[in-house]
Amino acid sequence: MGKSTPVKQAAVVLGALAFGWMAIEMAFKPLLDKARSAMDNSDPDREPDDIDSARKDDSDSDSDRKPISYADAVAKNIAGAS
């Protein structure tokens, strides 16, 4: 075998990295496709935190508050029935 030169070593390392990348892409293809399509469909101008805080501000009154547990729903039904 010939002498190992830095160029040959770099080519082997780059080839191994490319092979590893392709192996990961093929192994996780369904997951990666789903994640990429979700990122494509997302709206970068929309801030979910701003929308959630606006909803909380609008629904401060207890009369239109949705029950968050079974016990709250039962208590609300009992209060409404009396």
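Valine 13 is partly exposed, at 49% relative accessibility (buried means under 20% relative accessible area, exposed over 50%, partly exposed in between, with a 1.4 Å probe and protein chains only). The place of this valine is helix α1 (helices are DSSP runs of H or I with at least four residues, strands are runs of E with at least two, and both are numbered from the N terminus). Val13, Leu14 and Leu17 make a nonpolar surface patch of about 310 Å². Patches are made of residues with over 30% relative accessible area and no salt bridge; nonpolar side chains (Val, Leu, Ile, Met, Phe, Trp, Tyr) are joined within 5 Å, like charges within 9 Å. Accessible areas come from the Shrake-Rupley method with a 1.4 Å probe, and for residues only the protein chains shown count as cover.

The model is predicted: local features need pLDDT of at least 70, side-chain atom pairs count only at pLDDT 80 or more, and totals for chains, interfaces and linings use all residues. Residues are numbered from 1 along each chain as its sequence is written, and side-chain values use heavy atoms, with hydrogens and water left out.

The protein has four helices and zero strands. From the N terminus on, the order of elements is α-α-α-α. Of its 82 residues, 0% count as buried. The protein exposes about 7,700 Å², and carbon and sulfur atoms supply 63% of that area.

Helices α1 and α2 meet. Their axes come within 5 Å and cross at roughly 80° (axes are lines fitted to C-alpha atoms, for helices over the stretch in contact, and angles run from 0 to 180 degrees between N-to-C directions). Helix α1 is therefore roughly perpendicular to α2 (under 35 degrees counts as roughly parallel, over 145 as roughly antiparallel, 65 to 115 as roughly perpendicular, the rest as oblique). In α1, Ile24, Glu25, Met26 and Ala27 are in contact with Lys29, Pro30, Leu32 and Arg36 of α2 (contact means heavy atoms within 4.5 Å).

A search of the whole structure finds two salt bridges (a side-chain nitrogen of Lys or Arg within 4 Å of a carboxyl oxygen of Asp or Glu). One joins glutamate 25 to arginine 36, with the closest N and O atoms 3.0 Å apart. This pair links distant parts of the chain: glutamate 25 lies in α1 (residues 6-27) and arginine 36 in α2 (residues 29-41), eleven residues apart. Arginine 36 is partly exposed, at 37% relative accessibility.

Lysine 29 and aspartate 33 also form a salt bridge, at 3.3 Å from N to O. Both residues lie in α2, four residues apart, about one turn of the helix. Lysine 29 is partly exposed at 46%, and aspartate 33 is partly exposed at 36%.
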